[in-house]
Amino acid sequence: MNPSFSSPTTNLLDEALGIGCTGSVPWRIALVQDCVEASGAFLLHHLLKRSLSAEAAGAVVFLGLAQPFSHYDRVLRKMGCNLSLQRNKNKLHFIDLLDLEFLVAGGTDQNAIEDGFMNLYNRILRFIEANNLMHNNGGWIRIIIDDISLLEIAAQGSSSHTFDFLQYCATLTSELDCSLLILNHGDIYSSEEDQCLLSHLDYLSDVVIKAETLSTGIAVDVHGQLTIINKRALGELGWSSSKVYNFQFKLKENAVEFFYPGTKF
Amino acid sequence: MAESISRSLRDGCMEGEHAPALTIEDSLASSLGSSVFDHFLANLVSQIAAGKSQARGLVLVAFNRSPAFYLELLRRKGVDAQHVDKRVRILDCYSDPLGWKKRVPPLKTAQNLPVKANVACFSDARDTNKLMASILDLGKEFVGQDKSRFAVAIDLVSSLLRYTSLPIVAGLVNKLRSNDQTSCIVWLIHSDLHEQRVSAALAYVSTMVASIQPIAQCTDEQTSQQNSVWLGKNSDKAKLHVRLKRRNGRVKLLAEELHLDQVGVKFTAVGDQNSNAAKSLLPKVQFNLQLSEQERVERAKVVLPYEHQGNGEEIQIYDGRRSLSDSISISQPSVASPVISDTQVAPGIGEIHYVRDSDDEQPDSDEDPDDDLDI
């Protein structure tokens, strides 16, 4: 039995993020912030799998800067999701950006970088258009970016242009039925000026997921902890109450376990 | 205090004076700035719609949230849609601030939503001269022959500062304030996105600065679980510190607490919530957990053992086995004997009456439990 066709069981992460059975989410922009000791890549894999499950009524645009498609395909296969099949079905649009020169193809001046980002934005728009035509404007779109720090490198270190691009992606979330999931590394920014992009992302996001190690050090059964700040726990406009969740995780070969501290036996 | 800010915005400016300007600043530690901005914005629009304010209309420069969000916000706050159409103009700097959408083919599948008449798209956020001209053009719709004024609200100055420098932004704000047709200005800034000097520069051009601070302070030593608790506490409550600059130069500092609920932001005086919370913490039991005034006075008078009284007299070592009156009257230390309640206490001196459980037992005469003490 293909696990990808079985009903997805909810876990603490899905509950904290409010992921529905069709894969839809109540938030527009989510930021995953990890560190060297606790990589947040597993969160992208998990959310990618949930977005492409059989019950999911949407499609995914994946901007891959960190790993090639084959890497994600291999990881998701172990989790019971066939990315190649999903790509052929046009439920997944993978934009390979491993070559970080894609933004400076037309030159390294600021205008060229801005044009490069505009072209990337245009590619995302065209996929959304193709998806809407195919599904008669139905279904949501999830844009996943892995990861922002590499996008900044591609932009020759220009956090301003990077944030301009993210701002335009954010407008898609309010104009269309889109959500945006971003991975960023919290421990690579040293100066206050560099921290600015982190803070901008924090303000922009409705949900912030922080992956950290345990304060007590390395453990065999617990690989780290997640702190999830859901700024719009209830409703979209108006009444929005922040909720904070904190639980731990253990990475297995083909799945992730989430549990509250002290409940792992 | 929030009321006084709303009144100040409603009353606008006097002839020959610059328009009052309110800076709302927050940070990630307490990010309720947007909600506070929404509160004052909705309040101002209500006053404008009711004809109670000096301003005849409002121009909202939207960088941070879509025009649809603000139209929905005003509808939920009870402002009539007709009044919104008539009295509010939104300069949309959110949807396409850099003009990208003009340069890429539009979505063919985009639902053709009706373009709101009171929303104007602005696609050149880097050009503040054009921005200024657009604001004044929209404001002119409210200014008739009677030299009426309009209010201006900028939902996020931090976004504007990304596109242009501080001197240019400060210049824009100053020009708006000194414009004859401006009644008042409100803007929001996230202080931790900029250097200190940015907040200071904008504070100088403001007549009111409302700074949102967290209710609970965070320490570096907090564990992640404590951090979660801290984040939870600060998510819907904060302190509002307001600095009001009077015309005569006097600066007034005020503080209130605010909390966010289903209706919106509510402001309360500092301390009200704390005292009520403290009262509610005491458990309801049949015995008294608090001291009466008499008991407090008596407790304050008790001479503690081994304590220097600071009055220049020889240190009296108080043997807890005897009453204080006995130790004062006896000049030489004597063998300890069981403490008996003594009613003949020197006036003005407090005493703790202590009856030991082992009082009925006669101690061994050869044994002095205090023998091992080396005082």
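**Chains A and B: interface and a few local features**

Let me start with the polar contacts: between chain B and chain A there are 13 residue pairs of this kind, both residues at pLDDT 80 or more. A polar contact here is a pair of N or O atoms within 3.5 Å; within protein, one must be able to donate a hydrogen and the other to accept it, and residues adjacent in sequence count only if both atoms are side-chain atoms.

On the chain B side that touches chain A, the elements giving two or more residues are α3 (67-76), α5 (100-103), α7 (157-163) and α10 (224-235). The largest share, six residues, is from α10(B). Helices (H or I, at least four residues) and strands (E, at least two) are DSSP runs, numbered from the N terminus. By class, that side of chain B has 15 nonpolar, 14 polar and eleven charged residues. Nonpolar covers Ala, Val, Leu, Ile, Met, Phe, Trp, Tyr, Cys and Pro; charged covers Asp, Glu, Lys and Arg; the others, Gly among them, are polar.

A word on the source. This is a predicted model: local features need pLDDT of at least 70, side-chain atom pairs count only at pLDDT 80 or more, and totals for chains, interfaces and linings use all residues. Residues are numbered from 1 along each chain as its sequence is written, chains are lettered from A and ligands numbered from 1 in the order in which they are written, and side-chain values use heavy atoms, with hydrogens and water left out.

Back to the interface. Chain B puts 40 residues into the contact and chain A 41 residues, where contact means heavy atoms within 4.5 Å. The buried area is about 3,700 Å², with 60% from carbon and sulfur atoms; that is the accessible area (1.4 Å probe) that two parts lose on being put together, summed over both.

How many salt bridges are there between chain B and chain A? Five, the rule being a side-chain nitrogen of Lys or Arg within 4 Å of a carboxyl oxygen of Asp or Glu. B:R126 and A:E114 form a salt bridge at 3.2 Å, N to O.

Over all chains the count is 20 salt bridges. Within chain A, A:K78 pairs with A:E253, with the closest N and O atoms 2.7 Å apart. A:K78 is in helix α3 of chain A and A:E253 in the loop between β8 (243-251) and β9 (256-259), 175 residues apart.

Last, two backbone details in chain A. A cis peptide bond joins A:D146 and A:D147, with omega about -5°; A:D147 is in the loop between β4 (141-146) and α6 (148-154). A:N90, in the loop between α4 (83-88) and β3 (92-96), has phi near 60°, a positive value in a residue other than glycine.
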